[in-house]
Amino acid sequence: MLREVVKQSASLPSNSKILIFGGGFSGQHIANAARQLGAEVLCSRRDPTKKGADFAFDSASKTVISDKHFHGVTHLISCVPPAKNGEDPVLKKCGHIIKNMPLKWAGYLSTTGVYGDYKGGWVTEESDVHPSQNRSIRRLACEQKWEALGVPIQILRLPGIYGPGRSALEAVASQRNSMVYKPGQVFSRIHIDDIAGAIIHLINLFSKDICPRIINISDSLPATNIEVLSCAANLLDIPIPNIESFESASKNMSPMALSFWQENRKVSNHKLCNDLGYKLIHTDYRDGLKDCLMSNQSN
Ligand SMILES: NC(=O)c1ccc[n+]([C@@H]2O[C@H](COP(=O)([O-])OP(=O)(O)OC[C@H]3O[C@@H](n4cnc5c(N)ncnc54)[C@H](OP(=O)(O)O)[C@@H]3O)[C@@H](O)[C@H]2O)c1
């Protein structure tokens, strides 16, 4: 819950003004936490009438962002994924402005998909990147474009994002899905509280000249699909879904769903949690799903 993020985070540097491109699921949560920690925050959405939009930004539109939004910005976060043609939507439209801004910190939300398949082994920030999916190849290219911009940037690599309203609870409650079993297959994940909490921690470290280039933001327990969905069903007190073999289930999977099962890795958070001292709010899916349930019930 947001209050846990706020409770454990130090205030942000005074006069911080944070510009967030892409106020979707993660972006809005980061914005809400940062506001409560004393920063001024402006968040974009493509449709300015959508919840959480402070200004409109759509790389497909000709609308120009007003200078007043950039004025006084100290920190910038991009949560916008690469376009289908591989371009970074934010850099394409605003790169020429951003590179001349006197930023104290910028963060680019990327994915752990850039590591590619490690056949169930651990990946750290030092692991070789060999993306195999086209979207991960595009992502790595966007990481490199952000790094080449010349601003003080950190690349934040995220595994599957979940949180209230978007978690295994909704998946089991829909009762549409069986639980897919593929021997040895695990997934890493991260709760949005810890995306927000880790970013605030990293911003504060950066101001003390502790500034690693790439950080994985992941929880401590990669787990199987069956473990996570069973936990969700137990929390909801509904029957645990049937188990189906990957061979059988894969016949009806979309290409996107199938692509997630073609790679297998465990994402290490050692750098974030040990070297950089971040304390996870939800160390694993069990704690994170309980939080999602409580949040859903209180809304
Ligand atoms: N979901 C996951 O499990 C996962 C895992 C690893 C990494 N990631 C990456 O982490 C980042 C945040 O994830 P999320 O789940 O919070 O994403 P999200 O909810 O889908 O938010 C993405 C944001 O980007 C904006 N956006 C997309 N295309 C745009 C364009 N062409 N021009 C302007 N804005 C555009 C969206 O605008 P609207 O608000 O108008 O829709 C939205 O605000 C994304 O880059 C995502 O790809 C996601």
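**Strand 5 and its neighbours**

Tutor: In strand 5, histidine 75 has tryptophan 105 as its bridge partner. The model is predicted, so local features need pLDDT of at least 70 and side-chain atom pairs count only at pLDDT 80 or more, while totals for chains, interfaces and linings use all residues. Residues are numbered from 1 along each chain as its sequence is written. Helices (H or I, at least four residues) and strands (E, at least two) are DSSP runs, numbered from the N terminus.

Histidine 75 belongs to strand 4 (residues 75-78), which runs parallel to strand 5 and is joined to it by four bridges. On the other pairing, six bridges link strand 5 to strand 7 (residues 153-158), again parallel; there, serine 110 stands opposite arginine 157. Strands count as paired if DSSP finds at least two bridges between them. The open, parallel sheet has seven strands in the order 3-2-1-4-5-7-11. Strand 3 (55-56) and strand 11 (214-216) each have a single partner strand, so one side of each lacks a neighbour in the sheet.

Helix 5 (residues 134-148) packs on this sheet, touching strand 5 and strand 7, and its direction makes about 170° with that of strand 5. Touching denotes contact, that is, C-beta atoms, placed from the backbone, within 7 Å; axes are lines fitted to C-alpha atoms, for helices over the stretch in contact, with angles from 0 to 180 degrees between N-to-C directions.

Seven of the seven residues of strand 5 (residues 105-111) are buried (20 or more other C-beta atoms within 10 Å of a residue's own, C-beta atoms being placed from the backbone). Trp105, Gly107, Leu109 and Thr111 form one covered side, and Ala106, Tyr108 and Ser110 the other.

Methods
Buried ≥ 20, exposed ≤ 12 C-beta atoms within 10 Å, placed from the backbone. Contact = placed C-beta atoms within 7 Å.
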